[in-house]
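Open your viewer and get your selection tool ready. Could you walk me through a few stops in this model, saying what to select and what is there?

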Amino acid sequence: MLFLHPLSDFINSNSIILALEPNYYYEGKCPETGEILRLPRTRLAEAIANSLMQQLEKNHLYSHEGKMYGILLVELPNGEQRVIKAFSGLLNSNSMVEGWVPPIPGRQEVALLESQILTKLEAIKQEIITLGQLPERQEYQTLSAEYTQKLQHIILHHDHSKLQRQEQRQEFYQTLTDESLKIALAKLEAESRQQGIDRRNIKRCQNESLQPLQQIITAADKKITELKQQRKQLSRQLQTEMHAAYSLTNFYGKSLSLQQLLPAGTPTGTGECCAPKLLHYAASHQLKPLAMAEFWWGNSSGENKIQGEFYGACLERCQPLMGFLLSGLKPHNLEIIYEDEWLIAVNKSSGLLSVPGRYFHNQDSVISRLRHLYNQELIAVHRLDQDTSGILLIAKDSVTSAQLSQQFQQRQVHKVYEAVLAGSLDIQEGEVNLPLWGNPDNRPYQQVDFERGKPSLTYFRVLDRQGKYTRVEFIPLTGRTHQLRVHAADTRGLGMTILGDKLYGDHADTNRLYLHGRELSFQHPHVEKILHLQVKTPF
């Protein structure tokens, strides 16, 4: 397909391994399951996007028209990785541009209506411009300024005359008497009345000159308001028709129109942004998204965006669609909390395997996801149960793996877990020392066995009590399979199961095991320092 580009078009192969840590997640709630679905913006995706920016900079065709651009790193059914790219809206007045993913289907269905309405909108725009530039507006401003200046001049002159009259009155009262005083005062009063008449005459002339112009301007402003309302209604009609025609497809293969997805209404431009274009295209062509990145390029034009900056899903147009668009996408993202050239630390989610099964090399797990992303052999230094979340250490080479494994075996790694017990624990802290044995006929179940079991020691401390539940901190000194779960559930231990434990308790109504590997402290195998890793407990 012309829209699929090899990675080599954007970035060299050496950079692929070095740039995969997520910096942002596109996410939304699946409308069917309620699950939060996430697609990362990794450093690799940003590197690909930066390469696209360089291409845009070289091609002056894209330099001036400010808009959002985006890339999506995808995997083909045969496992090969490719890149697709998109622009928001139109590019140089075109919706179809070679090498870029096409617009979401439906635009052609309303092409004639769109053309007709756009023609009307352009006519309305020109009429509004004409009404806004009426010569009467400039004439009104000029005359108004002239009369204002004339009135100010007269008022200053009259104020000065008034002061003079006041001084003359005082002088007349002191120097004149009887009839001569009356005549002099009458003259001053006549002068005052005449100045009042002069001011009123100027104001009358001002009104006579400006009122006809004001009537024309008022009528024009009323017409502009009507035209803007008409423009708004036409735009809304076009958007309604387009949103009824636009059809989005998710990774379940389900297609819905924008109108069905957002029946309460959608802002102008919904469905024409990069993210919906990219995800719809990927879902429609059996492409598995791995990472996505969107950025602004070109002039801002009042959008308050910076050229070359990365941006997440816009809140009004893209974010409301994200849950539907990502639905059916098999999760592949991982939260990497530490990485260097020798090791990776991942905050594993509940429900995800640490490593694939013995006979299922491609089974979804932390290791298979990382191997897929890094394109190199990786080794899990230890394990977390599938239902347990928390910190998992991954080595990038066998030497690092051996050195870390030795620290685990010699109990030099400090581990802290947090859990919620299904019961109220009376004691505040203590230890559980019960040997554990895995019956080969009842895997993966572990049981306390003082003859065949291996020594297993756990320290515990109560963090909080809420009703019939107890939040505890576990510090295992040994690392046996299901050690914390058995030490909690066995009556010779704490005598109450960890909430959500379906193997050692009856918790079918919970959505996860409430056990989390919160902290790990160990000696870095290649650097003279102690690494203390900690993540937030998700429950």
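Predicted model: local features only at pLDDT ≥ 70, side-chain atom pairs only at ≥ 80, totals over all residues.

**Stop 1: a charged patch**

Now colour helix H5, which runs over residues 178–245. With three residues, helix H5 is the element that gives the most to this patch. Keep Arg-200 highlighted for a moment: this residue sits in helix H5. Is Arg-200 buried or exposed? Its relative accessible area is 54%, and because exposed means over 50%, Arg-200 counts as exposed.

**Stop 2: an open sheet**

Next, switch to a cartoon view and pick out strands S1, S5, S4, S8 and S9. In that order, the five strands make up an open sheet with antiparallel pairing. Look for its edges at strand S1 (5–6) and strand S9 (310–311), each of which pairs on one side only. Then zoom in on S1 and its partner, strand S5 (residues 81–87): the two pair in the antiparallel sense over two bridges. Which residue in S5 stands opposite His-5? Select Val-83 and you will have found the one facing His-5.

**Stop 3: a buried leucine**

Finally, go to strand S20 (residues 515–523) and select Leu-515, which lies in this strand. Leu-515 has a relative accessibility of 3%, so this leucine counts as buried, the cut-off being under 20%.

How values were computed
Residues numbered from 1 in each chain as written. Heavy atoms only, no water. Helix = DSSP H or I, 4+ residues; strand = E, 2+ residues; numbered from the N terminus. Buried < 20%, exposed > 50% of the residue type's maximum accessible area, 1.4 Å probe, protein only. Pairing = 2+ DSSP bridges.
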